[in-house]
Amino acid sequence: MLRRPEYLRALVFCGLIGVPVALVAFWFLVAVHELEELIWTDWPRDLGWDEAPWWWGLPLLTVAGLLVGLVVARLPGRGGHIPAGGLHAGGVTKEALPGVLVAALVGLPLGVVLGPEAPLIAMGGGLALLFASLTRAPQTEASAGLLGAAGAAASISALFGNPLVGAVLLMEVAGVGGPQLFAVMLPALLASGVGDLIFTGFVHWTGFETGSLDIGLPTPPPLDWADVLWALLIAPVLAYFVHWVFVGGRYAAGFVATRTVRNTTLCALGAGGCITLYAVTTGRSPAEAALSGETTLGELAQDPHAWSVGALVAVLAFKGLAYAFCLGSLRGGPVFPALFLGGAAGALLAPLPGLGLVPAMAVGMAASVTAALRVPVSSVVLVVLLLGNVDTVALVVLAAVVSFVVAQLLPQGPPIPAFSERPAGRAPRPGSPRP
C-alpha cells in the first residue's frame, strides 16, 4: 500500500490538512475557555460577588437548552452526535459544521456538563472534507473516510496536547479492525498490566535491578497488594455508577426526541437544578458541578484537602445527575466529566487503608472514563498521560479492563433515537418523498 502513488498523495494531503484543522481547533478551544472564564468568573465579580452565586446556573442552563434545542431542531446535522452514545468518528458533513460549532459555543460556556472533544472530532472531520472540496482534490468513499479520520485526529490531538491520544482514540472510536479488535486487544492489555504489576513487585520485593527506561524522575511510593485489591473493588463500583449515568442519558435522549426544543430546555433546566442544589447544600461554587470539570479536576488533584467528604459526595451525586441530563439532550463530549467523576471518587476513597491519593485517582479516572467511552486502550493512554507518571500504569490497566467488562455485561438501556439529517422544523416540499 505504501508504494501506491494515490496513497502517498493522500498521506501528504492529510499532513497538510492537519495545519488548518489544528489552527481552527486551537481558536475554538481558546474561545470556549475565555467564554467560560467570562461567564463564570468575571461576570459574578463584576456584579459584586467573590464567586458565582448559588442560583447562577439556572438561567444559564435554561438559555443553553433553548438555544441548543433550536440548533438541533432547525440546522442540518442536528448539532452533532448525541453524547449519550459515546464518541463517534465520521458521519459529519460539511453542511453540519455550522450547527456543530453553534451548539458547542452556546452550550459549553453556559455550564453544560460536557466537554469539547466531540465537537472537535466533528469539526476536524468536517473541515478536512471541506478543505478537500475547496482544493478540488479527487474524493472516493475510502479517501473521504481517510481524510475525515485524519482531520478528527488532528483536532482531538490539539485538545489533549498529545498526538498519541488522538491516533489511538480515533482508531478505537472508528472501530478499525471490526468487532475482533476488542476480542484480541483486551486479553493482551490485561496480560500486559498483570505482567507489569508482577515484574514491578518483584523488583521492589527482591531489590534486584534488571535495567529499565527510568530516567530518574521523582516517583510516588511503590504499589503494593493493597492497591491491587482496592482497584479490583473500586473499578466495578465506578463502572456501575457511570454506566447507569449513561443509561439515564439514553432515557433523556428519548424524552428529547418527542418535542426537541421544549424537552431540551427542560433537561437543561434539570441540569441547572442539580448544579443549584450542589451549591446550596455545600456552600461552594456552582461552577464545580457545572461545565466539563477539566479545570476543577486539576484543582482537586492539587489540593484534595480543600474538599470535605460531604462536598465530594455531593459533587458525585449532583454533577453525575446533571451529566445524565446533558448526555441525552445537549451537545458536547463525554470525556472530561467522566474523568472528573472518577477523580472525585478517587479523592473520596483515598484515605482507605493502604490506598493513597495517586493510585486512588488513577483507578477512579481509568474506571470511569472506560465505562463512559468503552475504549480501554485509549482510556489507559489518556489517564497515564494526565497523571504524568508510569508507576500506576498497572493499576490503570487493571481498572480499565475490569470497568470495560462490567459495563459491557450490564443492561445497555434504550437505544439512542435515530434522527434523519433533515431538520425537524422543515417540512418536505409538496410531492417530495418523506424521509
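Ser 155 lies in helix α5, residues 141–160. Helices here are DSSP runs of H or I with at least four residues, strands are E runs of at least two, and both are numbered from the N terminus. At 2% relative accessibility, Ser 155 is buried. Buried means under 20% relative accessible area, exposed means over 50%, and partly exposed lies in between, with a 1.4 Å probe and protein chains only. Leaving out residues up to four places away in sequence, Ser 155 touches Val 21, Ala 25, Leu 120, Ile 121 and Gly 124. A contact means heavy atoms within 4.5 Å. The C-alpha atoms of Ser 155 and Pro 20 are 9.6 Å apart, although 135 residues separate the two along the chain.

This is a predicted model, in which local features need pLDDT of at least 70, side-chain atom pairs count only at pLDDT 80 or more, and totals for chains, interfaces and linings use all residues. Residues are numbered from 1 along each chain as its sequence is written, and side-chain values use heavy atoms, leaving out hydrogens and water.

**The whole chain**

The protein chain has 15 helices and 0 strands. Of its 435 residues, 49% count as buried. Among contacts with a separation of 6 or more, 79% join residues 24 or more positions apart.

The mean pLDDT is 83, and 77% of the residues reach 70 or more. pLDDT is the predictor's confidence in each residue, from 0 to 100. Over residues 209–218 it stays under 50, and the model has 2 contacts there beyond four places in sequence. Residues 424–435 are also below 50 in pLDDT, with 9 contacts beyond near neighbours in sequence.

**The core**

The largest nonpolar core holds 111 residues. Such a core is a set of buried Ala, Val, Leu, Ile, Met, Phe, Trp, Tyr and Cys residues joined through side-chain atoms within 4.5 Å. Trp 40, Phe 160, Tyr 323 and Leu 339 have the most contacts inside it. Helix α13, residues 357–373, gives the most to this core, with 11 residues. Beyond four places in sequence, Leu 339 is in contact with Leu 297, Met 365, Val 369, Leu 382, Val 383 and Leu 386.

**A helix pair**

Helix α9 (residues 260–282) packs against helix α11 (residues 309–329) at about 170°, with the axes 8 Å apart. Axes are lines fitted to C-alpha atoms, for helices over the stretch in contact, and angles run from 0 to 180 degrees between N-to-C directions. The two helices are therefore roughly antiparallel; that label applies over 145 degrees, while under 35 is roughly parallel, 65 to 115 roughly perpendicular and the rest oblique. On the α9 side the contact includes Cys 267, Ala 271 and Tyr 278, and on the α11 side it includes Ala 314, Phe 318 and Phe 325.

**Buried residues elsewhere**

Ser 378 sits in helix α14, residues 376–387. Beyond four places in sequence, Ser 378 is in contact with Val 168, Leu 169 and Glu 172. Most residues other than glycine have a negative phi. Leu 291, in the loop between α9 and α10, has a positive phi of about 60°. Arg 374, in the loop between α13 and α14, has a positive phi near 60°.

| Residue | Relative accessibility |
|---|---|
| Ser 378 | 5%, buried |
| Leu 291 | 12%, buried |
| Arg 374 | 17%, buried |
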